[in-house]
Amino acid sequence: MVKELAWGLLLAPMVVHAETLKAERQQQLLNLLKQDCGSCHGLQFKGGLGPPLLPEALSGKPDSTLIDTIVNGRPGTAMPPWRGFLTADEAAWLVNQLRNPQ
Amino acid sequence: MKFLVRLLALVAPLSLAVGAELRGTGDLGVVVERAEGSVQIVDTTRRTRVGRITGLGDLSHATAVFSRDERYAYLFGRDGALTKLDLLAGNVAKRAEQAHNSVGGAISQDGRLLASSNYTPGGVRVFSAETLERVADIPAEYGNGQLSKVVGLVDAPGQRFVFSLFEAGEIWVADLHDPKAPKVQKFKAGKEPYDALISPDGRYYIAGLFGEEGLALLDLWNLDAGVKRILPVYAKTDEKLPVFKMPHLEGRALVGDYWFLPAVGHHEMLVVDRRSWEVVKRIPLEGQPVFVIARPDDRQIWVNFALPDNDKLHVIDTQTLSVVKRLAPGKAVLHMEFTPKGEEIWVSARDDDRLVVYDTETLEEKARLPADKPSGIFFTARAHRLGL
């Protein structure tokens, strides 16, 4: 329950702290994460055609692998490369969002 | 939180305009608002929203089927919830948590059974359409007892459900004449079937393959012949592009002598001869097609696209086999549904939070309705069509 609530908060417009990315870009990325990644990983990241992306599921997997997966996809699987939509830094920011749903 | 949400859904059904007068449901439908976990009930004659039901959970990829009296919509949510919505009362009639992760469902030929297609636990579960009580469980077991995700579930004549197993690469045909003891026949299909369709006459089941080229065809009139592979060599010329959204296969893409099929990872649509299964034409498009749907009179095909071209719609003339109109309904066009006889089409533009209604003859916009991140649109006319 706490987790779902947390996701709700995370994805509600406004919450995120502006670090290096502009607030507007963060919103776009969060929308991409929820809506477009969500179409395979589930809107709440509990999995779908793609595996769950909840913090437990990602713990123990190094950032570098996950960022590489997002940017370059996993050839031979349904995970496509997102490099045309985001930079490696932005992918890192997304991984951080996935690991720490405030 | 789930509990609270459910409680809200049950205790506070918004009182809706529909209940006030005696009326039928043939011009009603539901629109899924996927982020909010709500559903709008819409009236396609008056082009208005007549109700909204909230608290329905994770509705990404949610699909709806209808009872054959067209009063109830059954909604299959991603989080495994199965909800029976009363379109007239505008509320939740029944709700069951049937799995952890689900991708869709179907209603049987006789309207008495529902089947859900599940990712976790991988398999199909069958329920009474009246009470939502579970009557059968068909785990999608393969190999050393692993469970496969199930996709492409449809109803078929002979009180059957047909579906595909993503990891197992199989097509299963389940006969539910005796709901407590389903008889299942299994067929090798190919690598990673991602979705499937059944022809409007209920004869051909076709699964698209993600892991290899081509499609798997099963003739339900001649099951002994097994699965036949069609369109095996797609194109040696152009490389397959990354797929940001899996295409959906629809039985409503069979028009006259041709199947209109989305090409996975290519900016084209395939026009395939219905008897020889040869490609007769590749229609170039400005993106990767997701839904390819014929207008009920078969005169046009409407197509939407995957990211990054998901703000477009193409209309194809089925006589000239060419794109005759390009439309821009808004950002993230996810789904479209024709009115029962096809004079209008409703389109959902998720990221612009709206529904757009077009006149399919003039191709002019007729109306816009606000909706919260709308995705699937389902009208009650589906109740009487196989595979929908």
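In what order do the four strands of the open sheet E4 to E7 in chain B lie, and is their pairing parallel or antiparallel?

## Basis of the model

This is a predicted model, in which local features need pLDDT of at least 70, side-chain atom pairs count only at pLDDT 80 or more, and totals for chains, interfaces and linings use all residues. Residues are numbered from 1 along each chain as its sequence is written, chains are lettered from A and ligands numbered from 1 in the order in which they are written, and side-chain values use heavy atoms, with hydrogens and water left out.

## Sheet E4 to E7 of chain B

The order is E4-E5-E6-E7, and the pairing in this open sheet of chain B is antiparallel. Strand E4 (63–66) and strand E7 (91–97) of chain B are the edge strands, each pairing on one side only. From one strand to the next the twist averages 20°. Strands, like helices, are DSSP runs numbered from the N terminus (helices are H or I, at least four residues; strands are E, at least two), and two strands pair if DSSP finds at least two bridges between them. Axes are lines fitted to C-alpha atoms, for helices over the stretch in contact, and angles run from 0 to 180 degrees between N-to-C directions.

Four bridges hold E4(B) and strand E5 (residues 72–76) of chain B in the antiparallel sense. B:Val65 has B:Tyr74 of E5(B) as its bridge partner.

## Sheet E26 to E29 of chain B

Another open sheet of four strands in chain B has the order E26-E27-E28-E29, with antiparallel pairing. Its edge strands are E26 and E29 of chain B, and each pairs on one side only. The twist averages 25° from one strand to the next.

E26(B) runs antiparallel to strand E27 (residues 300–305) of chain B, and four bridges join them. B:Ala294 stands opposite B:Ile301 in E27(B).

## Salt bridges

Over all chains the structure holds 33 salt bridges, each being a side-chain nitrogen of Lys or Arg within 4 Å of a carboxyl oxygen of Asp or Glu. In chain A, the side chains of A:Asp63 and A:Arg99 meet in a salt bridge at 2.8 Å, N to O. A:Asp63 lies in helix H4 (residues 63–72) of chain A and A:Arg99 in helix H5 (residues 88–99) of chain A, so the pair ties together parts that are 36 residues apart in sequence. A:Asp63 is partly exposed, at 42% relative accessible area; buried means under 20%, exposed over 50%, and partly exposed in between (1.4 Å probe, protein chains only).

In chain B, B:Arg125 forms a salt bridge with B:Asp137, with the closest N and O atoms 3.2 Å apart. This pair links strand E10 (residues 123–128) and strand E11 (residues 134–139) of chain B, the two residues being twelve apart. B:Arg125 counts as buried at 13% relative accessibility, while B:Asp137 is partly exposed at 38%.

B:Arg326 forms a salt bridge with B:Glu286, with 2.5 Å between the closest N and O atoms. Salt bridges that share partners join B:Arg23, B:Asp27, B:Asp43 and B:Arg46 into one network.

## A buried arginine without a salt bridge

B:Arg160 lies in strand E15 (residues 160–165) of chain B. B:Arg160 is buried yet has no salt bridge, and the nearest side chain of opposite charge, B:Asp175, is 6.1 Å away. Lys and Arg count as positive and Asp and Glu as negative; His and the chain ends are not counted.

The side chain of B:Arg160 reaches the backbone oxygen of B:Pro157 at 3.0 Å. Not counting residues up to four places away in sequence, B:Arg160 touches residues including B:Val154, B:Val173 and B:Leu220, where contact means heavy atoms within 4.5 Å.

How values were computed
Polar contact = N/O pair within 3.5 Å; in protein donor to acceptor, adjacent residues only side chain to side chain.
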